[in-house]
Amino acid sequence: MSMMEKRDSGLSIAVGFVMILLVIAMIIGMWAVVGVPEQIRDAEEYHAIKVTNAFLDYKIAVDSQRTPELTGSKVSMLIPAASAYADGALFMEEGVGTLRVDVDGTPYSTTEISRLYATFGTTNTRIGYEAGGVYRNDYGHAAWVTPPSLTIENSDPNVYVNMVVPKMQGSFAVGSSEGIPVDTGLISVITPVDISTNQMIVITYTADEQWDANLWNTFFSETELKYLNAGVDIVNDFDLSANTTWLEISPSAGGDIYLNVITPAYIVDVRGS
């Protein structure tokens, strides 16, 4: 074999090796562009389910305190805010909205609503506890995982409206690369005096943010559909410009509405703060 042939053979081998390296680099690049983000999304979606379940457990634990005999008791829960790929944060905000109940056009009760919620990853997902319900908010579009407590019982011709409206006190913002422990103590339970009327009850929610108003409007709308044929006059309406939604409940002819609103008060804090 001549010197020229040997040189050409060596050059071909070198070019072939470089081409193999380029193909491998392209495969790795495609995996980095497509595979890694998808893997992260899958992991964060799994983590979102884990956080949602933690807030459902939190709701159950908090609800279990709701008797006067447990005043002064405290429950501790670990909220797994951080995911495998990013740190997380837990927030407690007061005054995110106002829930008002009017009876015959006269104010009966007004409650400032607070919100405990977690963010993680890109922070485009928020999962939290508000007014006794658990919600999930993705990119500004929220849905109830389990809604606040509002039931209507028809005992013809009378109607019984029962509500539980927790008052949560506390304000904090905590970031962590691990789970965040939260203590929630029951301060008091306001035992209501039953109110009866043969006219209208109006339950109104006004939110600071539009997504929250939409969330509550969905709750009121679903309540309307649930009890529409239950022997009670019920109407839901919404004022988008004012971030306000409301539910009107009237008894059938000759009947009365009996209203029962339970208001447990809690104090919420991060353990060790």
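So, a nonpolar core here is a set of buried Ala, Val, Leu, Ile, Met, Phe, Trp, Tyr and Cys residues joined through side-chain atoms within 4.5 Å. Buried means under 20% relative accessible area, exposed is over 50%, and partly exposed sits in between, with a 1.4 Å probe and protein chains only.

Quick word on the source. This is a predicted model, where local features need pLDDT of at least 70 and side-chain atom pairs count only at pLDDT 80 or more, while totals for chains, interfaces and linings use all residues. Residues are numbered from 1 along each chain as its sequence is written, and side-chain values use heavy atoms, with hydrogens and water left out.

Okay, the overview. The protein chain has two helices and 16 strands; those are DSSP runs, H or I of at least four residues for helices and E of at least two for strands, numbered from the N terminus. Buried residues make up 41% of the 273 residues. Contact, by the way, means heavy atoms within 4.5 Å. Take the contacts between residues at least 6 apart in sequence, and 70% of them join residues at least 24 apart.

Now the core. The largest one has 33 residues, and Leu 99, Val 161, Met 163, Ile 203 and Ile 249 touch the most other members. Several elements supply at least two residues each, including strand S2 (88–103), strand S8 (158–164), strand S13 (201–207) and helix H2 (210–227). Which element gives the largest share of this core? That's H2, with seven residues. Another core, of 28 residues, lies apart from it, with Ala 61, Ile 79, Leu 116 and Phe 172 among them.

If you click on Ile 203, you'll find that it touches Leu 99, Met 163, Phe 220 and Ile 249, among others, not counting residues up to four places away in sequence.

The volume is the space filled by probe spheres set on the points, which are joined across faces, edges and corners. The largest cavity holds about 60 Å³. Of its 13 lining residues, Leu 99, Pro 148, Ser 149, Met 163 and Trp 216 lie nearest the centre. H2 gives the most to that lining, three residues.

Last, a few single residues. Pro 264 lies in strand S16 and is buried, at a relative accessible area of 0%. Pro 264 and Ile 187 are 77 residues apart in sequence, yet 7.6 Å apart in space, C-alpha to C-alpha.

Then the backbone. Most residues other than glycine have a negative phi. Asp 104 has a positive one, near 55°, in the loop between S2 and S3. Ala 131 also has phi near 55°, in the loop between strand S4 (125–130) and strand S5 (133–138). Buried or partly exposed, what is Asp 104? Partly exposed, at 34% relative accessibility, whereas Ala 131 is buried at 5%.

Definitions and conventions. 1 Å grid on protein atoms, 1.4 Å probe; cavity = no way out; pocket = protein on both sides within 12 Å on 5 of 7 lines; lining within 4 Å.
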